[in-house]
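Here are my notes on the cross-links in this one. Have the model open while you read.

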Amino acid sequence: MADQPLVDFKGFDFNGYFQYDYGSGRILGLHYHSDANGAVWFDTEMKKAQQTIDQILPATINTIFCGANCLNSSVLLIRSNSDKQPNQYFIYKKSDSSLIGLGSGHPHIDPKLMGQRDFYRYKARDGMEIPVYITQPPGPHQDKLPTVVLVHGGPWLRGGSWEWDSAAQFLASRGYMVIQPEFRGSTGFGYAHYRAGFKQWGLAMQDDLTDAADWAVKKGWADPKRIGIMGGSYGGYATLMGLIKTPEVFRCGVAFAAETDLNELLDSPINDISMETQQVDMKVLVGDPDADAAMFKANSPLYHPDAIRSPLLMMHGGLDRRVPIGKASSLVSKVKDNNKNVEWIVYNDEGHGLAHESNVIDFWARVETFLNKYLRSTE
């Protein structure tokens, strides 16, 4: 073993792969993912190619793909993107250092109309540093903006990256600042960050979201009177808990495919979580339904419908096997008894996500209308 690593990423787990050249039998470089995607080249020829490509495309991250015989190939495939530019693809010809355009994943997106996206870390109330992505509305920087805390699902995964994010850019294009915290329990930021989320549904994991909103307010970026919370799956659960625990922070919420009862993660006979995961993993990650029964009840939205008094847009897939619709529907019925500002939408042909274009368009149209109603005004 070498005394020093080839590369070191402070604050990030290593997430990447080596570029191996089978013709020469050598490792040419390393692709990695820190706050964004990048590459380190050990081979002189590949390093030079990367520099040339970056000079031609200076405003984007340019990732090289070259197959098994990289050095002997006459061309390289390039994926180019940024916070404002969705994926574009090019062929790079080594012979004359030229690029041939292949197309784009979103050809109608104009980067000039996209918002700037940046990576930060803020301190939670217990001192833990929480990574976060901030997407500003396009145009000159503004303060005291209407804001959406967008919570990723999982929750045990990496939520985002610096590159173009469709959900964040949609909201930013409508004038909202978007906060995407990598709350404790998220992966990719070290084991201690992941471990800190064990048995913290509705507790410290939830506090991280509130602290993100407070941090943005203290920065002067977010209007404290116009902050909403939104997410799907775990993000939907966190949305409901945000309205329950901190309605003074979150003025409204949008929840899709939300888990409403922690017990369902461990004992549901109809969800698609394996028996092994229910009996072993979930007891470590979420808690034990017997030993932690009081905590489960305190942090399950299903048992606190009267506490949800803020405007709520809640949507679910009728075919969802990950989070079956039954308890979510029951919660909405109870919430409506004391809250008239509740919308309940069921997509009967969807599972745990949206696969049909018509439903995607309908979903975001409803989100836009809902947020415009409750976050545009300070009244």
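This is a predicted model: local features need pLDDT of at least 70, side-chain atom pairs count only at pLDDT 80 or more; totals for chains, interfaces and linings use all residues.

1. Residues are numbered from 1 along each chain as its sequence is written, and side-chain values use heavy atoms, with hydrogens and water left out.

2. Counting cysteine sulfur pairs within 2.5 Å as disulfides, you get one. The partners are C66 and C70, with sulfurs 1.8 Å apart, and the link is left-handed at -95° about the S-S bond. C66 is buried at 10% relative accessible area and C70 at 0% (buried is under 20%, exposed over 50%, partly exposed in between; 1.4 Å probe, protein chains only). C252 is buried too, at 0%.

3. There are 14 salt bridges, meaning a Lys or Arg side-chain nitrogen within 4 Å of an Asp or Glu carboxyl oxygen. In one of them, R125 and D211 come to 2.8 Å, N to O. R125 sits in the β8–β9 loop and D211 in helix α4, so the pair ties together parts 86 residues apart in sequence (helices, H or I of at least four residues, and strands, E of at least two, are DSSP runs numbered from the N terminus). R125 is exposed at 54%, while D211 is buried at 9%.

4. R174 pairs with E368 at 3.1 Å. R174 is in the loop between α2 and β11 and E368 in helix α10, so this bridge spans 194 residues of sequence. R174 is partly exposed at 30%, as is E368 at 32%.
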